[in-house]
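I opened my notebook to go through this structure one chain at a time. Here is what I looked up, in order.

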Amino acid sequence: MAEHSPEQIEKVITDSLISFGANADEINRDAELTALDIDSLDLAELSQIIEEHFGVELTSGDVAEISTVGDAIDLVAERA
Amino acid sequence: MNDVVVTGIGAVTPLGIGAAPLYERWAAGICGIEDGEGRAREFVATEHLSVKDARRADRFTQLALVASIEALADAGWGEGLPYDAWKIGSIIGTGIGGIGTIEANDRAMFDGGPKHVSPLAVPLMMGNAAAAAVSMRHGLRGPAFGTVSACSSGADAIGTAIRAIRHGDALAVVTGGAEAALTPLSRAAFGALDALSTSGVSRPFDARRDGFVMGEGAGVLVLEDGEAARARGARILAVARGYGATADAHHVTAPHPTGEGAAAAITRALEDAGVAPEEIVYVNAHGTSTQLNDRAETIALKSALGEHAYAIPVSSTKSAIGHLLGAGGAVEAIATILALRAKLIPPTLGWAERDPELDLDYVPDRARPLDLGDGRRPIAISNSFGFGGHNAVLCLEAT
């Protein structure tokens with residue numbers, strides 16, 4: 001838990017979403033990923049980035065539970 | 001049977017972004033080859049595509065998308081599709097597909113293991129990616145697929161599109177070719193074949209020719225059923241009169257020495273078009289600048305067109321942009337249409353020394369006005385031949 005702060009996790013996820021083409025101004029904890037035009041391929045890429053940065057392996061079942069940016073941050077923070 | 005007409009064109013080539021710069025710069029004698037390669041230097045994907053669209057596409061697909069956006073706007077489709085989306089196809093050829101993506105992911109796997117391979121690798125590398133992306137971008141829901149026949153892929157795509165419209169599978173097809181193979185592996189591989197020019201100069205049909213110069217780019221045309229196009233008041237650039245395709249069944253890289261497969265493709269294209277050899281006023285040659293192609297193609301032209309071959313200009317777009325592989329046939333069809341429309345035939349740049357065996361008129365030095373006296377019509381053929389022995393010829397008439 002202590003290894004990675006929620007701020008670090010939030011930054012990696014936010015930067016990833018922006019690199020995928022999401023509008024930076026629209027990204028906040030409550031933003032729905034679909035509203036940010038983030039789809040299943042983006043989430044597959046995000047999972048890879050998360051594993052690389054935090055050593056957290058997300059299954060496709062985990063990813064299916066994510067609907068907002070906050071969900072993604074919390075899920076990773078829980079396991080990192 | 002209805003005719004098939006060309007209502008829009010778009011291109012990204014080493015001569016710039018757009019079909020007009022391709023033709024105008026070539027006709028002005030400008031060569032887009034630098035340091036032995038025809039790179040589409042002006043092309044920056046995100047200047048034309050969203051970040052999302054750009055990163056969901058290998059460079060060959062990016063090039064096709066941008067050429068397709070120009071072509072659809074040129075066809076007057078900017079405000080929406082003119083036909084039922086189910087009746088509009090997307091047929092885009094490529095010789096190699098997303099080789100840059102393959103190389104990058106292979107490196108990632110080598111360096112970091114299989115988990116470093118991108119989930120985007122497959123959708124970016126697949127050879128049908130450009131046809132799929134063009135379909136999705138514009139909402140085209142008719143026949144959509146890629147054609148693969150090495151350096152005749154673009155011409156085969158257009159020929160297949162002509163057939164799809166004639167057959168009634170589609171009222172229109174967005175078609176062409178795209179290639180982005182200026183990558184380390186691709187360079188090394190073509191180099192190992194001894195096919196690339198060691199001088200870095202593309203001079204088709206010249207005695208000093210020493211191989212082809214690789215290029216990249218895309219050409220996209222909007223083809224429509226002639227009756228439907230006229231009914232909607234479309235501006236018609238050209239009629240796609242005919243298409244002929246054959247195979248050499250001879251050698252995987254060398255053309256048949258007598259050019260008989262190429263000659264047969266020319267003859268079939270003319271038969272398909274209902275055009276006599278004497279009606280051809282211009283040949284846009286495959287003209288790669290390799291010893292073998294340029295000799296075999298010259299023989300094929302004389303065999304298919306007879307004495308008339310000596311009477312008409314033959315020039316190679318590859319002298320200005322290099323060899324665009326699977327995009328070549330499409331880009332060259334566009335250049336052919338614009339040359340016929342302008343009645344000005346661009347030259348084979350760099351041609352200066354005659355090879356005694358290559359005795360046609362290769363349009364040296366500068367563009368030449370097209371003489372359409374005696375009621376001759378602006379009808380040309382555009383040749384494309386590919387590794388594997390593929391021969392594809394298009395017969396085009398400007399309107």
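**Entry 1: chain A, fold.** I read along the sequence and found that chain A follows the pattern α-α-α-α. I noted 4 helices and 0 strands in chain A. The terms come from DSSP runs: helices are H or I with at least four residues, strands are E with at least two, and both are numbered from the N terminus.

**Entry 2: ground rules.** This is a predicted model, where local features need pLDDT of at least 70, side-chain atom pairs count only at pLDDT 80 or more, and totals for chains, interfaces and linings use all residues. I number residues from 1 along each chain as its sequence is written, and chains are lettered from A and ligands numbered from 1 in the order in which they are written.

**Entry 3: confidence.** I checked pLDDT, the predictor's confidence in each residue, from 0 to 100. Chain A averages 94, and 98% of its residues score at least 70. Where in chain A is confidence lowest? I found it in helix 3 (residues 60–64) of chain A, with a mean of 91. Helix 1 (residues 6–19) of chain A is highest, at 96.

**Entry 4: size and packing of chain A.** I looked up the radius of gyration, taken over C-alpha atoms; the globule rule is 2.2 Å times the number of residues to the power 0.38. For 80 residues a compact globule would come out near 12 Å, and chain A has 11 Å, which agrees. The C-alpha trace of chain A spans about 30 × 25 × 20 Å along its principal axes. I then looked at contacts (C-beta atoms, placed from the backbone, within 7 Å). Of the contacts in chain A with a separation of 6 or more, 59% join residues 24 or more positions apart.

**Entry 5: chain A meets chain B.** I found 7 residues of chain A in contact with 8 residues of chain B. The chain B side divides into 3 nonpolar, 2 polar and 3 charged residues. Nonpolar means Ala, Val, Leu, Ile, Met, Phe, Trp, Tyr, Cys and Pro; charged means Asp, Glu, Lys and Arg; the others, Gly among them, are polar.

**Entry 6: domains of chain B.** The domain assignment, automatic or from a database, gives domain 1 (4–238) and domain 2 (245–398) of chain B. Their C-alpha centres lie 21 Å apart. I noted 63 residues of domain 1 of chain B in contact with 60 residues of domain 2 of chain B. Which element gives the most to the domain 1 side? Helix 7 of chain B does, with 7 residues.

How values were computed: Two residues are in contact if their C-beta atoms, placed from the backbone, lie within 7 Å.
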